[in-house]
Number of protein chains: 2
Amino acid sequence: MIRLDAESLRLYLVTDRALCGERGVAETVRPALAGGVTIVQLRDHEATTRELLDIARELRDITTAAGVPFVVDDRLDVALAVGADGVHLGQSDLHPVDARRVAGTQLIIGHSVSCIDEIEAVAEWPDGTVDYLGIGPVFATPTKPKAAAPLGIDGVREVLDGCELPAVAIGGIKDIHVAPLRAAGAAGVAVVSAVCAAPDPAAAARALLAAEEL
Amino acid sequence: MIRLDAESLRLYLVTDRALCGERGVAETVRPALAGGVTIVQLRDHEATTRELLDIARELRDITTAAGVPFVVDDRLDVALAVGADGVHLGQSDLHPVDARRVAGTQLIIGHSVSCIDEIEAVAEWPDGTVDYLGIGPVFATPTKPKAAAPLGIDGVREVLDGCELPAVAIGGIKDIHVAPLRAAGAAGVAVVSAVCAAPDPAAAARALLAAEEL
């Protein structure tokens, strides 16, 4: 089991089967890891559970080899079945308190928030319920059309002010936003299109990491 | 935790939110239990996980009060989170061997089969992987338009010949089919429309049980 450390949230890849296109999810994740992605989340709301299980098992192997945490979106059952390091839970997913009770203390649990109220809710749960936050959307994004209103970089700073959990910013993020988002308090950035839709996922990942210094 | 016994599969109710209509799922299940339903499965592929969690918790309470096993379709995570008695896994769901490993020996695991090949696959898994089978569709049914070709009652008899696991027949079943299906080797019948869409779910359940003697 791979645990989160201070570096794990620097460059968080969320998969999207359609954007990965013909090369497939595994052959997108593999070069992305070579390019420096620090954590991988499998997200696929179209797959059957059995399909999700198969791709999760493949990503589990690839991420283990890279020494990088692997997280499954929404499906705690799939995460447990393949020995993933964690599960990421949005506001419409399993409740994190229930998930922690079922999964025990070792599993990484991430949780999506889009406003201060949702961060305050997390603070009322038992200590250790959530390991990290996903905050967004920073910008509007076609990969999540039903998302809440975009926060912008200033909005991220406001929502994270005083927040003790490490947070990764998500939603329409490109290279130029990485340094400002880290300055606004994010431990790192989560990307979907910027890597999954890139012709060269390794180069795209390297460019995002290099942009920390811009 | 409520275990399966010889009577548990006699009348197996599978919920369908659309068919339950305005009275809702809980207020369909409650009278259906009063009418004699012997096991309840929550099936809802449209709900978000959080919605599923909420209705599962409600059905958990209602079925506990009735002393009847409660099973969640597909979602082992939701089943574990609400303390359901079991999970029902179709051919596209979590693999039963994985589910058994995650869930331990106590949880009821049901599995859908539609042909002899799928029953033979079950026989190759470790003993105790699956507790009961759902066999079907017996007849074509609008509640599962993508299902395999209907078996008919003779097909159920052929597929169950020599099968050691208790099986519940499913798919377009009405009162008149109950006695022939039991004679064909089914421990009971599973219904969706016949109870969920009935104006009086208690009366519909009673009629199905009375039809065992026809």
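Biologist: Why is Thr129(B) counted as buried?

Modeller: In this predicted model, Thr129(B) has 5% relative accessibility. Buried means under 20%, so Thr129(B) counts as buried.

Biologist: Where is Thr129(B) found, and which residues does it touch?

Modeller: Thr129(B) is in the loop between helix 6 (116-124) and strand 6 (132-135) of chain B. Leaving aside residues up to four places away in sequence, Thr129(B) touches Pro96(B), Val97(B), Arg100(B) and Ile109(B).

Biologist: Let's turn to the two chains. What makes their relation that of a two-fold axis?

Modeller: Chain B is superposed on chain A by a rotation of 180 degrees, with 0.0 Å of shift along the axis and an RMSD of 0.0 Å. That is why the relation is the one of a two-fold axis. In chain B, the C-alpha nearest this axis belongs to Asp77(B), 2.3 Å from it.

Biologist: How do you know that the copies meet through the same surface?

Modeller: Of the interface residues of chain B, 100% are also interface residues in chain A, so the copies do meet through the same surface. In terms of contacts, 22 residues of chain B are in contact with 22 residues of chain A.

Biologist: How is the size of an interface often given?

Modeller: Often as the accessible area that is lost when the parts come together. Here, the area buried between chain B and chain A is about 1,700 Å², and carbon and sulfur atoms give 51% of it. Arg50(B), Asp77(B) and Leu94(B) supply 31% of the area that chain B buries against chain A, more than any other three residues.

Biologist: What makes Arg75(B) and Asp74(A) a salt bridge?

Modeller: Their closest N and O atoms are 3.7 Å apart. The cut-off is within 4 Å, so this pair is called a salt bridge. Across the interface of chain B and chain A, the rule finds four salt bridges. There are also 16 residue pairs in polar contact across this interface, both residues being at pLDDT 80 or more.

Biologist: Which helices of chain B each supply at least two residues of the side that touches chain A?

Modeller: They are helix 3 (49-66), helix 4 (76-82) and helix 5 (96-103) of chain B. Helix 4 of chain B gives the largest share of that side, five residues.

Biologist: How many residues on that side of chain B are nonpolar, polar and charged?

Modeller: The side of chain B that touches chain A has eight nonpolar, six polar and eight charged residues.

How values were computed:
Residues are numbered from 1 along each chain as its sequence is written. Chains are lettered from A and ligands numbered from 1 in the order in which they are written. This is a predicted model: local features need pLDDT of at least 70, side-chain atom pairs count only at pLDDT 80 or more; totals for chains, interfaces and linings use all residues. Side-chain values use heavy atoms; hydrogens and water are left out. Contact means heavy atoms within 4.5 Å. Buried area is the accessible area (1.4 Å probe) that two parts lose on being put together, summed over both. A salt bridge is a side-chain nitrogen of Lys or Arg within 4 Å of a carboxyl oxygen of Asp or Glu. A polar contact is a pair of N or O atoms within 3.5 Å; within protein, one must be able to donate a hydrogen and the other to accept it, and residues adjacent in sequence count only if both atoms are side-chain atoms. Helices (H or I, at least four residues) and strands (E, at least two) are DSSP runs, numbered from the N terminus. Ala, Val, Leu, Ile, Met, Phe, Trp, Tyr, Cys and Pro count as nonpolar, Asp, Glu, Lys and Arg as charged, and the others, Gly among them, as polar. Buried means under 20% relative accessible area, exposed over 50%, partly exposed in between (1.4 Å probe, protein chains only). Copies are superposed by least squares on the C-alpha atoms of residues with pLDDT of at least 70 in both.
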